[in-house]
Amino acid sequence: MSHRDHHHDHEIEPVREAIRRKTDREFWRSLDELSGTDKFRDFLHREFPALNASETDPLMLDPVGRRSFMKLMGASLAFAGLTACTVQPTEHVVPYVKLPEGLVQGKPQFYATAMTLGGVANGLLVESHEGRPTKIEGNPDHPTSRGATDIYAQASVLQLYDPDRSKTTLKLGDPRQWGEFLNEFGKALDEQRKKGGAGLRILTETLTSPTVKAQMDALLKEFPQAKWHVYEPAGRDGARAGAQLAFGEMVNVVYKFDAADVVLSLDADFLTNGPGALRQARDFMAKRRLTDGSNEMNRLYVAESTMTTTGAKADHRLPTRAAEVDLLARAVAAAVGVAGVTGTVSGAAAKFAEAVAKDLKAHGGKSIVIAGEHQPASVHAIAHAINAALGNIGATVVLTDPIEIKPVDQIASITELVGEMNAGKVEVLVMLGGNPVYNAPLFAGGQTFLDAMKKVGLRVHTSLYNDETSVNCHWHVAEAHYLEAWSDARAIDGTVSIVQPLIQPLYEGKSIHELLGAMLNQTGKSGYDIVRDTWRAQLGAGFEAAWQRALHDGVVAGTALPAKTVALKADWAAGLKPAAVGKHEVVFRLDPNVHDGRFANNSWLQEVPKPIHKITWDNYAIVSAKTAEELGLAPADEIQAAKAKLIEIKNEGRSLQVPVWVQPGHPDNSVTIYLGYGRTRAGNVGNGLGFDAYSIRTVNSANIATAGVSLGAGTGTYELAATQEHFNIDASGIDSKAFIPEENDLADRHIVRVGHLEEYKKDPKSVHHGAHKPGKELTIFPNFNYDTAKTSDGREVPLYAWGMAIDMNACIGCNACIVACQSENNIAIVGKELVIRGRMMHWLRIDTYFRGDMANPEVYFQPMMCQHCENAPCEVVCPVNATVHDAEGLNTQVYNRCVGTRYCANNCPYKVRRFNYMLYGDWDTPSLKNVRNPEVTIRSRGVMEKCTFCVQRIMAGKIESEKQNRRVKDGEIQTACQSSCPTDAIIFGDINDKESRVHKLKQEPRNYEVLADLNTRPRASYLAAMKNPNAELGGGHGEGQKSGEKQHG
Amino acid sequence: MAEVIKKQEYVDPRPPVVGPGHTLKSINDKIADLILMKGFKKGWIFGLAISFLGMMMLLNTIAYLVLKGVGIWGNNAPVGWAFDIINFVWWIGIGHAGTLISAILLLLRQSWRTSINRFAEAMTLFAVACAGLFPALHTGRPWVDFWLFPIPNTMGMWPNFRSPLMWDVFAVSTYATVSALFWFMGLIPDLASMRDRAKHKWQKVIFGMLSMGWRGDARHWHRYETAYLLLAGLSTPLVLSVHTIVSFDFSIGIVPGWHATIFPPYFVAGAVYAGFAMVLTLAIPVRKFYNVEDFITMRHIRNMCKVMLATGLIVCYGYAMEAFMGWYSGSTYEMFMMKNRMFGPYGYMYWLLILCNFIVPQILWWKKMRDNLAVIFIVCMFINVGMWLERFVIIVMSLNRDFLASSWRMYYPTIFDFSMFFGTIGLFMTLMFLFIRFVPMIASFEMKTLLPEAKVDEHKVAEIEKSIKPESLPPSAPVPQFGD
C-alpha cells in the first residue's frame, strides 16, 4: 500500500541540500517542491492537470518572486472572499450577446452523434434546445439507424439527466477532486510501470472505439505485462466461438435481409435484439411490404425458446427449447446437405426441419440462417455452414473483420481475470465501465466476482452510476454520458461514427478516453483532443474538412469494413460439441427493457410494457402452460393474472424464487428469465425491482443452463404490473376457469384483420370479410368539408387533412415509438403501483393480440393511439368544450380548459385517453426539468391528455412551409412515433394530398379502420397483417374468402 | 239527518291515515313537542354522534381528495367513472321519492301523502346535497367546476350544450333549488306555529325569522296554497326530467350497456323505487322511536310498499329489456356486454342485483308481508343495496370491458372510495337527525286537514244552513280556525 502514504518515502538528504542552496529570500511550499524532484513535478502535473503547470506556467514551479507573489496573494485574497466553501454552478442568465452561428432561439438544432450498446454504434441525430439535448432521432445517413432508433437510444436522454447519476470522483465513498485521484492512481501506476504492468489489469465492456484501441495499444506498450479483459453479459461468445469453429477466425457477420427471401432464425431475435437489429428490421420488412403494387413477401421460419417479437412476425414458429435448437439446426443442416452433420428430430420439429430445408434449398443465395446470440458455438457454426452450403455467404451473409477492438471469449476472459485475482497476481484493477460485481456470472465453487475482486490492492471503477461495483472499489470515477463526451464507435458494418457531445458534462464526469489518457500521462489532454488525434492520424491530409464532414454526417465516410472471403474450414464439423439437453432448462436473456441492468434506473424503460407480455417494472420466469401445470403453478382464476405464483429455480446449487409468467407459445420444460433486475445500487428508480437472475447464472451456463437445473414451486405470490389483461383474439385454447370471451365475441369486432398471402393475392379484400363500415351519406347532418375552406375574402383555399396509416404487417412491436412519444410529448410515468391500478399515461400503446392454439399462437401487434375520429365520440360529451375538432381533422385537447370529468375517456371506444389522476410529473427535480420538450405543455393534475399527432411538429412544419409560401411537402412532418420506427410501419401525412404516402396507403386493399362500424371515421387506419405460410406446413387455411367490408346504407 | 248518520257508519277497511282520537290540538302538541321539548333523547345523541363521525370522515376524505386528486380513488383507464358516479346516481335516485310524494301525490290529491311528505322532502334535499358532492368533486380540478355553468366571460367560452353533463348541471341544480323552495314553503305555517309555542327567546327569534311573518291570515293561506300548488306543478316534471337527464349521462354515450333508449323511464322508475325504499328505511324506525305511529300509519307503509312493488317491476322490465335488446340488436358489442354482465368477472354483482331488486321485493305481493315491519325493513335494505348495485352494473361493468379487448381492465375501489361513500351516508344521517329534532318533521297543519272535523261537506252545509233557522244558532259560535 505504498501509494497511499507517499510522504514516508522521502529521502531527507536532497531536501537538506536544497535548503542549503536556496537564498533566504526564496519561499518554498513543501518539502517536495523544495527538493525539486521529478516526483513532485508529476504530482503537480496530475493534481492540476488543467493548468498543465510545468509547461504553461513557470510560476507554479519557479521560486516565487516579488511581483508574482503579490499577484498570487492578491488573487487568493480576492477569491477567498468570492467563494465561500463550495463551487457554485455556472449560471448564464443573460441572453446571448453574440448568437452562436445558426442558432435561432426557440428553434431546436440537431447534431449527429452515436450511442453504443454492446459496443456497437447506432447513429443518432439529437435535438438540442438552447444547448440542452431533449430528444433523440435516428440518423438517416447512418448505415444501422437509417433514421430509426430503438428504445434505449430514445430513453438515453433521460439517463443523461438522471438525478441519481454519479456526480463526482469518490474515494471509498467520499467525494474527492479529480486531481487527487490522478495523484494517487498515478503513484500506483508508477509502481506498475516499474514491473512492466505485471499487476495491472484492465476490464472493459465490449468496445469498438478506434480511439480506445489506439489508447489501449499505447497503454499495453507502456505496460507490456498488463492484461486487458473484456466482459459484458450481453454475451456474443457463441457467435465469436461459432465463427472460430466454422472459419477458423473471428469474423463479423452483416446480414443482408433485404436480399433474402427465406429466413430461418435459430432462436435469434434479430428484429429487436443485438447490434444491427434496427437495420435488420428495416431490411427484413422491405421484403415483406405489400404496398405500391408489391405482391410478394419473404418467409420467416423461427424456432425459438422465448416468444420474441421476431417469433411474433414468423410465418411459421416452432417453440423449441433453447438447448434443442442445436438438434433442430443439425437436422436442417443435414436436410440441406451440409456435410458432416447428422441430426434427428421427431414430430413437429422433423416436419418443420424438412420443410424449412426444402424452402432454403429452393432459395440458395437468397436466404439467411441466423443463430441467436445466446446460442452456443455449435449452433452458430452450423448456421454458418448452412449459409455456406446455400451460397448465402457473400450474398446475404457478408463477413468482415471483427468490429470489436478486442474480440475474445468474454466468459473465458473474465474467468481468467478472476483466477489471477484469486492468485493474488492483480494489484491494480481498472474497470472502464461495466458492472461486474452485479452482472458477472458465478465462478468455480460458486465464487462471486466480488470475492475475487476484494483481493486486489487498488480497484478503480468508472461508470455512470455509483453502482454495485463502484461501492466495492477504492476509487470511483464518474463517467461522462455519451451526450457529454467525445468518443467514436463502429456500426455493425464497421462504419465509424464520431460520438459528439451535445452538452458540457453536467457533473464531473470523465470519459474512458480521459481516464486512459491519464494512465498514459496525458492528463492535460481533453477527450476532444484524444479523439481528434486518433482521426488526424487516420484521415491524413484534409483532416479538418473530413472531420467536419464526419461530425456533420454522423459517419466517417469510407470506414465500413470490406467484405472478406473466408472459406468454411474443412474439418469444422469435428469441433461441434453435442447438445446437452437436460430435463429442464433455464435460459438467461437480456431484458427487453433494461438490457443487462444498465438501464434499471431509467423509468421510461421500466414503464414500457415488455413486448408480448406487457409487463412493466419487473422480471419474471416465463414458462409454458403445461410446465406451469406440472409444477403446480398454473395461474389462479383471477382474471387480471397479476398475482403471480413463485417458481423456485435451482441452478448448480443456487436457488432463486421468481414470479412465474405463463406464456402461450413457450416451449415446455423450459424457463426463460430476464437479466437486469434485482439491483441494489441502480438508483432510486431501479433499486429493489424484480429478481436478480445473475445470482443463479454460472460461468458454465451463462446463457442456457441445463445440467444443474431443477424447478419447483415457490412460496407465496407476487404482483406483476401488466398494462394489458390477457385475452385471445380467439380464445379457443385458453384453459382458464375465469370467464374469457368466446371466439366470436372478439373476432366479430374485426379489430385485428389478418390474412394469408395466397388468399390476399386471390382476393385482396378478403381480410375484411364480415366487417361493416357505414357509408358517409348515412347522416342527417351535412358532412364537414375537410378539402377546402372559404377565407373571409371569399377565396376557396385547400386544407390539410392530417391522417395516419399504420401497417400492422410491418410493425414488429419493438416499443421504440412508445418511448419516442414519451420523450417528445413529456409524458409522465406513474410507477408500478399505478400501472397495477391501470393509470398508465402512454399516449401510444402497442396492443397485442393472440390467435390460434395456446401451444403456439400467432401474435399480432397493433399500435394504438388517438384515432382522431372525424365523428369523435369524446367531443360531444365534454361539458366544457375542452376537446374540439379543428378544420384539419385533428381532435385537439385543450388542457387549460379541461375540468377533468373523464367522460371523454369513457366514451372513447379506443380507450386512448389518459387522465392525470394525480400530479404524475416530477416538477421539482432540477435536472429533470431539462429533459422536457419545451414545445409541449406539461400537464398538471386533473386534466385529460392523449395523442395529438404531434401537433407541435405539424405547426412547425406549417410555419416553415408558410414562410416559403408553399404547401407542406409529404414526409416533411413526421410524428415522433413515425420517425423512430425502424420498419416504417407508421406513416403520417396529408390525406388531401393524393400523392402523399399516407393517402396511397389508405387506398391499399388491406386498409381498414378499427371499429369502423361505430361510424367514428378515424383518421388513423390500419393495414391488415399478412402471413406467408408454407403450404407444406399446413399454412393457408381457408378463411375469409369472399369480398371486403360491407358498406351498408 | 238520517242520511248523514248512515254515511258516518261507513267504515273504511284500510287503516286510517291518522290514528284515532286525535284532535286539532293534539296533533299540534305532539308535533311541536318533538321540537320544543327540553333536552335530547339518548338514542338521538348516540345516532347523531355516529352520523357526525361519518360526516367528519367525509370531510377528511374531501380534504385529502382536493389535496391529492381523484387518484386516491380506484378509478382507472377504462373505468373513468366508478363509485363517484354510482353514488351520485344512487343519491339522486333516493331523492326522487320526496318529490314524487310531495308533488305528484299532491296533484293527484292522495291525502295519505300528508304525514310523510315533509319527511320525504327533507330526505330529498339531503340526498341531493350528498349527490351533488360527487359530480362536483369527481372532476380532476374541482376548483374550476364553475366552468360548467354558462357564465358570460371575456373569452367568449361557453359550455358545450351538446354534452349531457351540461344538461345534468341544469337538471340537478334546478332540482335542488325547487326542492329546497318547496320544502321551505311547506314549512312556513309550521314554523309560525313553533314560533307561537316557543318558550325560549332564541327559539322565538329563530322560528320567528324563519316563519317570515306568517300570521295565519286568510290571505296568507290563499297565497300559500296557490304558491304551493304552483311549486308542485313545477316539481312534477322534475320528477321525470332529473333522472331522465341523469340517464342521458349514459345513454348519450356509445359505450355498450349505456347506449340504450330504455334508460329514461327505467331510471325514473328506479329512482322512485329507491326513494320509497329509503323513505321506508327511515320512517320505520322514526315512527317507532318518536311514537308517531298514529301519524305515519300502516296505511302509509302499505301504500309505499305497493308503489315499490310497481316501480320495482318497471325496473325489472328494464333489466329484461336490456338483455333482450342486447340479443335483438344483433350487435356483437351489445351481446358481449350482456354476456359479460351475467358471466363476466363481476357476474356475481349482476346476480346480486337481480336478487336484491327483483326476487326479494316480490315478497311484498303478500298482504301479510306488507304489514310486517321487520320484513318491509329488510326488503327496503335489499332494495337500497340493489339500487347501488344497479348503478355499479351499469357504470363499472360497461366501462371495464367495452370495445377494444386490449384495454379491458378490472376496477377495484380503494379505502377512499368507501370513506367517501359512507361519509355521505354520515352527512345524510347527520342532517336527518338534526332535521327530526329541530324542524317539524310532519306537516302539522296538513295533518289537521285529515281530521274529521276539518272535513267540510259543502252540500251538507248548504242543507243544514237551509234547515237551521238563524235564531237557533248560538250568538257567538266560535268558527274553527286552522292553527288552533
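The model is predicted. Chain A holds 32 helices and 43 strands, and 58% of its 1049 residues are buried. The contact between the chains draws 48 residues from chain A and 45 from chain B.

**Chain A: overall make-up**

- Among the contacts in chain A with a separation of 6 or more, 73% join residues 24 or more positions apart.
- The buried share of chain A is 58%, taken over 1049 residues.

**Chain A: a seven-stranded sheet**

- Seven strands of chain A form an open sheet with mixed pairing, in the order β25-β19-β24-β21-β23-β22-β26.
- The edges are β25 (704-705) and β26 (709-719) of chain A; each has a single partner strand, so one side of each lacks a neighbour in the sheet.
- The partner strand β22 (residues 643-651) of chain A pairs with β26(A) in the antiparallel sense, over eight bridges.
- Ala644(A) stands opposite Tyr718(A), a residue of β26(A).

**Chain A: a covered helix**

- Helix α25 (residues 816-824) of chain A is mostly covered, with nine of its nine residues buried.
- The buried residues of α25(A) include Ala816(A), Ile818(A), Val819(A) and Ala820(A).
- Also buried in α25(A) are Cys817(A), Cys821(A), Gln822(A), Ser823(A) and Glu824(A).
- After α25(A) comes Asn826(A), with a positive phi near 55 degrees.

**Chain A: positive phi in two loops**

- Asn521(A) is a residue other than glycine with a positive phi, near 60 degrees.
- The loop that holds Asn521(A) runs between α18 (512-519) and α19 (527-539) of chain A.
- Asn521(A) has 17 other C-beta atoms within 10 Å and is therefore partly exposed, the class that lies between 12 or fewer for exposed and 20 or more for buried.
- His868(A), likewise not a glycine, has a positive phi near 50 degrees.
- His868(A) belongs to the loop between β34 (858-864) and α27 (873-877) of chain A.
- Because 26 other C-beta atoms lie within 10 Å of His868(A), this residue is buried.

**Chain B: packing of α6 against α8**

- In chain B, the axes of helix α6 (residues 164-197) and helix α8 (residues 218-251) come within 9 Å and cross at roughly 150 degrees.
- The two helices α6(B) and α8(B) are therefore roughly antiparallel, a term that applies to angles over 145 degrees.
- The crossing of α6(B) and α8(B) is left-handed.
- The contact of α6(B) with α8(B) comprises 21 nonpolar, four polar and two charged residues.

**Chain B: surroundings of Val396**

- Val396(B) is part of helix α14 (residues 373-399) of chain B.
- Val396(B) counts as buried because it has 24 C-beta neighbours inside 10 Å.
- Beyond its neighbours within four places in sequence, Val396(B) is in contact with Val79(B), Ala82(B) and Tyr411(B).
- Trp81(B) is 315 residues from Val396(B) along the chain, yet their C-alpha atoms are separated by 7.1 Å.

**Contact between chains A and B**

- Chain B gives 45 residues to this contact and chain A gives 48.
- On the side of chain B that touches chain A, the elements giving two or more residues are α6 and α11 (332-343) of chain B.
- That side of chain B divides into 23 nonpolar, 16 polar and six charged residues.

Notes:
Residues are numbered from 1 along each chain as its sequence is written. Chains are lettered from A and ligands numbered from 1 in the order in which they are written. This is a predicted model: local features need pLDDT of at least 70, side-chain atom pairs count only at pLDDT 80 or more; totals for chains, interfaces and linings use all residues. Axes are lines fitted to C-alpha atoms, for helices over the stretch in contact, and angles run from 0 to 180 degrees between N-to-C directions. Helices (H or I, at least four residues) and strands (E, at least two) are DSSP runs, numbered from the N terminus. Angles under 35 degrees count as roughly parallel, over 145 as roughly antiparallel, 65 to 115 as roughly perpendicular and the rest as oblique. A crossing is left-handed if the near helix is turned anticlockwise from the far one by less than a right angle, and right-handed if clockwise. Ala, Val, Leu, Ile, Met, Phe, Trp, Tyr, Cys and Pro count as nonpolar, Asp, Glu, Lys and Arg as charged, and the others, Gly among them, as polar. Two residues are in contact if their C-beta atoms, placed from the backbone, lie within 7 Å. Two strands pair if DSSP finds at least two bridges between them.
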